[in-house]
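Colleague: I am new to this structure and would like to learn how to read it. Could you walk me through a few features?

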Amino acid sequence: MNVAILVFPGTWSEVDCHRAFTDVIGHDAEYVWHKETDLDRFDAVVVPGGFSYGDYLRCGAIARFSPVMESVKAFAEAGKPVIGICNGFQILCEAGLLPGVLTRNEHLEFRCKWVDLRAETTNTPFTHLASAKQVLRVPISHGEGNYQADAETLEMLERTGRIVFRYVDEDGNATAESNPNGSANNIAGIINERGNVLGMMPHPERSVEELLGGDDGAVIFRSMVTPTAAAV
Amino acid sequence: MPVTQETLDEIALSRAEYEAIVDRLGREPNGLELGLFGALWSEHCGYKHSKPLLRTLPSNSPHLLVAPGAENAGVIDIGDGLAIAFKIESHNHPSAIEPHEGAATGVGGIVRDIFAMGARPIALLNSLRFGPPDTQRNRYLFNGVVGGISAYGNCIGIPNVGGEVVFDESYSENPLVNALCVGLIENGRIMSASPRNPGDILMLVGADTGRDGIHGASGLASRTFEDQAELRSAVQVGNPFLEKVLIEACLEAIELDTVVGLQDCGAAGLTSAAIECAERGNMGLHLDVAKVPRREEGMNAYEVMLSESQERMLLMVSPGGEAQVTEIFDKWDLWAVPVGEFVTGDTVDIYDGDALISSTSVRTLTDPPEYSFTAPKPAWLSELNSVEFSDLPLPDKTPSEVLLQLLGSANIASRRSVFQQYDHQVQTNTVVSPGGDAAVMRLRGTKSGIALSTDGNGRLTYLAPFAGGAIAVAEACRNMAAVGARPLAATDCLNFGNPDKPDIQYQLTEAVAGIKAACDAFDIPVVSGNVSLYNEGIGSAIYPTPVIGTLGKLEDVSVHATAGFKGDGDAVYLLGVDSLDAAESTLGGSEYLTQIHGLVEGEPTIDLELEVAVQNACIDAVEAGIIRSAHDCSDGGLAIAIAESCVIGGFGATIDAELSGRWDAALFGEQQSRIVVTVDTNHASQLEAIAAQHGAPAIRIGTTGGKTLTMSGLLDVLLTQLTSTWDNGLSIATSG
């Protein structure tokens, strides 16, 4: 499998994502500069974390106008998997590929720490190798990860099983204390209607090696490179 | 007189220095030239009060690739074909005036020093000092500085892996913000900040040049200041996004064969950066200020030359290479503009278009006068040192109450509320995160890793400048020993008061001698550093605060130790002593004496031979794979070290070794050269043997386990209480 890792000015987790796919999972990955438009040779796209354009104006608001984003839309419409991590999630929301918005953390501070996530569904190309309701330990690192959407959208996401990850405590309970940024319904990650575009604030690429504190996040990348009946 | 005292004050030159300039030029300098001299002869750029002292620091090491002072940062060989550039630098005065931008641009500046060496920046650390957080002003400074570091550091994708935050009244008017950056380079690909041949082109890249930061080096960093508001415009404003793309563009550009040199535009802007390059290359320079891209209209040559606008670098390019450089910077939407050319000789000619507006010599500009001094020990210090603690009453609190008070205090409580605002994981190399003794990072593609630490105790240095300097080195190394890393090199940031005062001269001289003694004992060079003088509020100086950053190596990064206890039933050892009893003198300068008795007195000491033995024993034991946990005994003494290991690990402990002297000295005295380690009881004799081999005393003091910490009939505190006290202390203290 060949994975495209997008690079915008200000992106900084492209190398971490690249290594997760190549060194850890053993697949091919290639950096794609934001001014490129050809994604035909790729089987999956990663929109990595960072501060594209410094997060000036609004997170992801400038990056969404980069030439590559039109190709990402077409890629998604073709049913191929796209994962946006942290700033990548923000960009996908700004680009209209995912509903809702990431606002400033409720406590107004940047937060970098390990959190527990519950995999709410295993019926996605990103989680099909996880076990039902598995709790994954994965770091967050963001100042604007507070997921918000109108009540109708939240209700729809809940009803249609499109909430993929929720912040929980180590026992798997979605409590107020385990919510690190004030996200509505403890939402850490959501998927599009078609089920091939995932956005998540936590950084699974930082959770792929025991030496660095844990490898729970690897299941997301392993799922992506492993064919499923659900994958189109 | 052709120049007024007011003008000289503004650029912090003395009348005698002005006369020297006239003498060397053979004429009066014009306005622009006076500005150049003011910048290059400032303490910040010229080190005129500290150079003779800095020369005494050890600079020899078989691992040294780039010597201190030769380039933007020293470089150390760490094996496997890799090298590390690292350096610490202060941004104290800007942070006092505008804490957010002052701290942010402090980070930006040190990062540029590191990638100027051709290194990929891989880690940041910050050593911070503030006044007590019980005033709104100090909380404003604290929150502003932490927020500035967070905003800048997180955006540029460099993990912030450690440092210190210390509160003391002496820093109320003059906080300290020292930033350390570490970079990784392939050995053999180190860049020089020097042109190669006459004819090489000087290109200015990155941001455009504005009026910010003029007189930053001379005005802010090189004198004391009383009216802060008047200097606010001398603080630069940072743009971390620009820095991030500048890093990437520069690291891409140096792959070109035609790019021969790279230099940071830091303090004193283009003036210092360009002229220092000419000096290194032993050449002269023609520079045209009209070619410099401006942020605003109407800037004159003086403003362009002295602007400290951030996120700018200088490239030295072989003639004909400009187009390729411009192409790379275009890709990153950045300027890359030829502004000058290196020439044979020693002349710096500055043009504004066709008009020659200044002609001086490189050597004249870069060779400021040096001031050396010797000053006697002040009488007040001898008085503070002569205090005997036998008359000190024991507190009317129980040992458990004292423990909890100290454990929850702003200086000892967990730093989590600070470091969780910093991305400490990006680049995915961080093996031991902030919150332990030293940060540990793996070196990708090898088995090995590095350890990083900063340390510096102003109060101890105030009471004993020599010992304080030595202790700063010893503690930073001890933090690394506690993770299992052998020291390779140090970088120093000397934060002191006004060097015209004899007491400050004494502190500076003694502290540097102490640093030298300790570096000699550990056999490590000081590879880089920075001097920040004039750290004074109205009338009173800060505690003399030498901050030492250290770099260490772990041969196998997977074999390291961390501070928390790891399970029930492990044997607890104290390395460095053979009994729990501690001399009363160890109360001198302690956190306990300050917080519980409100006293700052005594005479801290350190035995460097013992220190080295203890650290070597600890490192060997970690390498032997028998250490379950290791934690340095420092602020707050033994009881605090053990309480922290309990809380971090989530296990209680029973300390049952006999104790017969004063309990406050035994529990909270700050005797140096001690490390609390735990081993499986099966490995107890092996640990004792390793300690004995090194001549390091070691005593078994207890056993881990349970839900309480008890200590020799004195302490009995629930683990849950220790945990909530330590976890929340700092956020409570700083939330006002």
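Colleague: At what angle do helix α22 and helix α25 of chain B pack, and how far apart are their axes?

Modeller: First, some ground rules: this is a predicted model, where local features need pLDDT of at least 70, side-chain atom pairs count only at pLDDT 80 or more, and totals for chains, interfaces and linings use all residues. Residues are numbered from 1 along each chain as its sequence is written, chains are lettered from A and ligands numbered from 1 in the order in which they are written, and side-chain values use heavy atoms, leaving out hydrogens and water.

Modeller: Two packed helices are described by the angle between their axes and the distance between the axes. Here α22 (residues 608-623) and α25 (residues 684-694) of chain B pack at about 145°, with axes 9 Å apart. Axes are lines fitted to C-alpha atoms over the stretch in contact, and angles run from 0 to 180 degrees between N-to-C directions.

Colleague: Which residues make the contact?

Modeller: Contact means heavy atoms within 4.5 Å. From α22(B) come B:A613, B:N616, B:A617, B:D620 and B:A621, and from α25(B) come B:L687, B:I690, B:A691 and B:H694.

Colleague: Which residues meet where α16 and α26 of chain B come together?

Modeller: B:L403, B:L404 and B:L407 of α16(B) meet B:Q721, B:L722, B:T725 and B:W726 of α26(B). The axes of these helices, residues 399-407 and 719-734, come within 8 Å and cross at roughly 35°.

Colleague: How many aromatic pairs are there over all chains?

Modeller: Rings of Phe, Tyr and Trp (its six-membered ring) pair if their centres lie within 6.5 Å; planes under 30 degrees apart are stacked, over 60 edge-to-face, and the rest tilted. That rule gives 15 aromatic pairs over all chains. In one of them, A:Y53 and B:F241 have ring centres 5.8 Å apart and planes at 40°, so the pair is tilted. This pair crosses between chains, with B:F241 in helix α10 (residues 240-253) of chain B.

Colleague: Is A:Y53 buried or exposed?

Modeller: Buried means under 20% relative accessible area, exposed over 50%, and partly exposed in between (1.4 Å probe, protein chains only). A:Y53 is buried at 16%, and B:F241 is buried at 14%.

Colleague: Why does the pair of B:W380 and B:Y462 count as stacked?

Modeller: Their planes are at 25°, with ring centres 5.3 Å apart, so the pair is stacked. Ring pairs also link B:Y171, B:W380, B:Y462 and B:Y543 into a cluster.

Notes. Helix = DSSP H or I, 4+ residues; strand = E, 2+ residues; numbered from the N terminus.
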